Amino acid sequence: MLSVQEESGRRCACLKRRNRMLSTFHSRVRAVAVVGMAGVVAAIGAVTQHASAAEVAAPAAVGADARRVDIPRIASTIKPPAGSRPVGAYVVTRGTQTYTCAGGVFTGASVPEAQLIGTGGRVHHFKGPSWQSERDGSLITARKTAESPRAGTIPELLLNVDTHAGTGILSNVAYISRLLTSGGVAPVGACTDGATVAVPYGAVYVFWASKR
């Protein structure tokens, strides 16, 4: 059997080893916590910087029938010319792209029919392609000049405005972006020539004025 003195010495040694182990464990926990927090801060910083780099200030919503719509990231291949400024941003509240069967398949350009709401109130988007303000009747038509594909949906577009009619919120629009698209893709498979099908779609439309 151990003497009282020997037993006391053994207990002291055990306590010292346990304290050293606890100290090492706590140091490792603190190190992991610091590294983890640094990672979180770095990630948040990266996301914030990434988001800021993509942001384009949306115009203010004006009028009781208006709604603020943020401008999504725009692919470099479909950006409007340098110096262009956004004068309107609208989201599709209800819309379709209609395809006509030719040669046994749904192909060719689709015809849009959509209701938009945004910073200048409501806009009707229809064949042409055309956009007409329901607030003041101003009307524009445009043609596609560039596109950026998106998997499983119709592409994003840049369009140049060709004609203007009337006076109002669309009077000074020179370019149109179709962004953040969803749906609207032509059906696959055989069809009867002349048949039509309307496919629901969504998008954000941004109207741009030329550089002053």
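Trainee: Why does Phe 207 count as buried?

Mentor: This is a predicted model, and in it Phe 207 has a relative accessibility of 1%. Buried means under 20%, so at 1% Phe 207 counts as buried.

Trainee: What makes Trp 131 count as buried?

Mentor: The reasoning runs in the same way, since Trp 131 has 1% relative accessibility and therefore counts as buried when set against the limit of under 20%.

Trainee: Where is the place of Asn 160, and which residues is it in contact with beyond its neighbours within four places in sequence?

Mentor: Asn 160 has its place in strand β6. Leaving those neighbours aside, Asn 160 is in contact with Thr 141, Ala 142, Arg 143, Thr 145, Ala 174 and Tyr 175.

Trainee: How many aromatic pairs does the structure hold?

Mentor: There are three aromatic pairs in the structure.

Trainee: Why is the pair of Trp 131 and Tyr 205 called edge-to-face?

Mentor: A pair of aromatic rings is described by the distance of the centres and the angle of the planes. For Trp 131 and Tyr 205 the centres are 6.0 Å apart and the planes stand at 65 degrees; rings pair when their centres lie within 6.5 Å, and planes over 60 degrees apart count as edge-to-face, so the pair of Trp 131 and Tyr 205 is edge-to-face.

Trainee: What parts does this pair tie together?

Mentor: Trp 131 belongs to strand β4 (residues 130–133) and Tyr 205 to strand β8 (residues 196–209), so the pair ties together parts that are 74 residues apart in sequence.

Trainee: What makes Trp 131 and Phe 207 an aromatic pair, and of which kind?

Mentor: Trp 131 and Phe 207 are 6.5 Å apart centre to centre, with 80 degrees between the planes. The centres must lie within 6.5 Å and the planes over 60 degrees apart, so Trp 131 and Phe 207 form an aromatic pair that is edge-to-face. Trp 131 lies in strand β4 and Phe 207 in strand β8, so this pair ties together parts that are 76 residues apart in sequence.

Trainee: Which residues form one aromatic cluster?

Mentor: Tyr 90, Trp 131, Tyr 205 and Phe 207 form that cluster.

Trainee: Which residues have the most contacts inside the largest nonpolar core?

Mentor: In this core of 24 residues, they are Leu 116, Trp 131, Ile 176, Tyr 205 and Phe 207. At least two residues of the core come from each of β1 (85–102), β2 (105–118), β5 (139–150), β6 (153–165) and β8, and β8 gives the most, with five residues. Another core, of 16 residues, lies apart from it and includes Ala 58, Val 69, Ile 74 and Trp 208.

Trainee: How many residues line the largest pocket, and which lie nearest its centre?

Mentor: The largest pocket is lined by 25 residues, with Gln 97, Ala 109, Ser 110, Leu 157 and Arg 178 lying nearest its centre. The elements that give two or more residues to this lining are β1, β2, β5 and β6, and the lining residues divide into 14 nonpolar, six polar and five charged. About 470 Å³ of space lies in the largest pocket.

Methods:
Residues numbered from 1 in each chain as written. Predicted model: local features only at pLDDT ≥ 70, side-chain atom pairs only at ≥ 80, totals over all residues. Heavy atoms only, no water. Phe/Tyr/Trp six-rings, centres within 6.5 Å; stacked < 30°, edge-to-face > 60°. Helix = DSSP H or I, 4+ residues; strand = E, 2+ residues; numbered from the N terminus. Buried < 20%, exposed > 50% of the residue type's maximum accessible area, 1.4 Å probe, protein only. Core = buried A, V, L, I, M, F, W, Y, C linked by side-chain atoms within 4.5 Å. 1 Å grid on protein atoms, 1.4 Å probe; cavity = no way out; pocket = protein on both sides within 12 Å on 5 of 7 lines; lining within 4 Å. Points joined across faces, edges and corners; volume = space filled by probe spheres on them. Nonpolar A, V, L, I, M, F, W, Y, C, P; charged D, E, K, R; others polar. Contact = heavy atoms within 4.5 Å.
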